[in-house]
Amino acid sequence: MITALYPGSFDPVTNGHIDVTVRAARLFDRVLVAVYDRPAKRLLFPTEQRMEMIRQAVRDWPNVSVDRYDTLTVEYARQVGAQVIIRGLRALTDFELEFQMAHINHRLAPEIEVVCLMAAQHYSFLSSSIVKEIAALGADVTDLVPPHVAQALRESLAPGRGLRHQSE
Ligand code: ADP
């Protein structure tokens with residue numbers, strides 16, 4: 001029984017994240033998508049809402065569940081009995097960071113393997129930040145995120161709210 005942990009900020013979840021999750025769900029017995037509860041970066045959506053958006057997106061996948069964590073990723077992986085950590089790779093820039101993190105994590109928990117899945121070609125340009133940036137400027141993001149996420153973005157980025165508000 002292999003449990004794979006897919007950690008990230010998911011602010012918000014995109015079709016690229018969902019593609020990685022679904023592909024991991026075909027490879028492993030159980031996938032736990034874990035929302036990092038205290039990332040260093042500023043976030044648009046609170047943790048509970050980020051989790052709920054993922055839950056809605058993966059509800060057709062019975063072996064996928066969603067949780068939150070605020071410790072070291074490998075510590076949390078041990079806690080939930082995950083043998084694998086999943087990460088997605090889009091470009092060389094991701095590779096450098098993931099390579100470094102995988103080695104650090106390996107030092108901390110040599111029994112846990114990091115498995116990187118290549119982003120689907122049509123999502124290789126897609127990030128939560130770019131989605132927020134273009135949504136804030138009124139662009140249509142319906143091809144990039146599930147409909148309920150597009151709706152949440154519209155609500156959060158309504159005039160007077162949103163990214164500028166967050167960073168003040
Ligand atoms: P983090 O703050 O941990 O980078 P993200 O939510 O931005 O959190 O990303 C979580 C993981 O998903 C990372 O491994 C990232 O590289 C991967 N990822 C992000 N966008 C995509 C995408 N479009 N296709 C595949 N993987 C992606």
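Buried, in these legends, means a relative accessible area under 20%. The model shown is predicted.

**View 1. Tyrosine 6 and phenylalanine 10 as an aromatic pair.** Four aromatic pairs are counted in this model. In one of them, the ring centres of tyrosine 6 and phenylalanine 10 are 5.2 Å apart and the planes stand at 80 degrees, so the pair is edge-to-face. Tyrosine 6 and phenylalanine 10 are both buried.

**View 2. Tyrosine 36 and tyrosine 69, an aromatic pair between two strands.** The rings of tyrosine 36 and tyrosine 69 form a tilted pair, with 5.2 Å from centre to centre and 45 degrees between the planes. This pair links distant parts of the chain, 33 residues apart. Tyrosine 36 belongs to strand β2 (residues 30-36), and tyrosine 69 to strand β3 (residues 64-69). With a relative accessibility of 23%, tyrosine 36 counts as partly exposed. Tyrosine 69, by contrast, has a relative accessible area of 6% and is therefore buried. Together with Tyr76, the residues Tyr36 and Tyr69 make up one aromatic cluster.

**View 3. The largest nonpolar core.** In soluble globular proteins, nonpolar side chains tend to be buried together. The largest nonpolar core of this model has 37 residues, of which Ile54, Ile86, Val141, Val145 and Leu153 touch the most other members. Two or more residues each come from the strands β1 (3-8), β2, β3 and β4 (84-89), and from the helices α1 (15-27), α2 (47-57), α5 (128-136) and α6 (147-156). The largest contribution is that of α1, which gives five residues to this core.

**View 4. The surroundings of valine 141.** Valine 141 is one of the core members that touch the most others. When neighbours within four places in sequence are left aside, valine 141 is in contact with Val131, Ile134, Ala135, Ala150 and Leu153. Of these contacts, Leu153 is likewise named among the core members that touch the most others.

View 5. Leu72, Ile104 and Leu108 make a nonpolar surface patch of about 260 Å². Isoleucine 104 lies in helix α4 (residues 92-108). The relative accessible area of isoleucine 104 is 48%, so this residue is partly exposed.

How values were computed
Residues numbered from 1 in each chain as written. Predicted model: local features only at pLDDT ≥ 70, side-chain atom pairs only at ≥ 80, totals over all residues. Heavy atoms only, no water. Phe/Tyr/Trp six-rings, centres within 6.5 Å; stacked < 30°, edge-to-face > 60°. Buried < 20%, exposed > 50% of the residue type's maximum accessible area, 1.4 Å probe, protein only. Helix = DSSP H or I, 4+ residues; strand = E, 2+ residues; numbered from the N terminus. Patch = residues over 30% accessible without salt bridge, like charges linked within 9 Å, V, L, I, M, F, W, Y side chains within 5 Å. Areas by Shrake-Rupley, 256 points an atom, 1.4 Å probe, with all protein chains shown as cover. Salt bridge = Lys/Arg side-chain N within 4 Å of Asp/Glu carboxyl O. Core = buried A, V, L, I, M, F, W, Y, C linked by side-chain atoms within 4.5 Å. Contact = heavy atoms within 4.5 Å.
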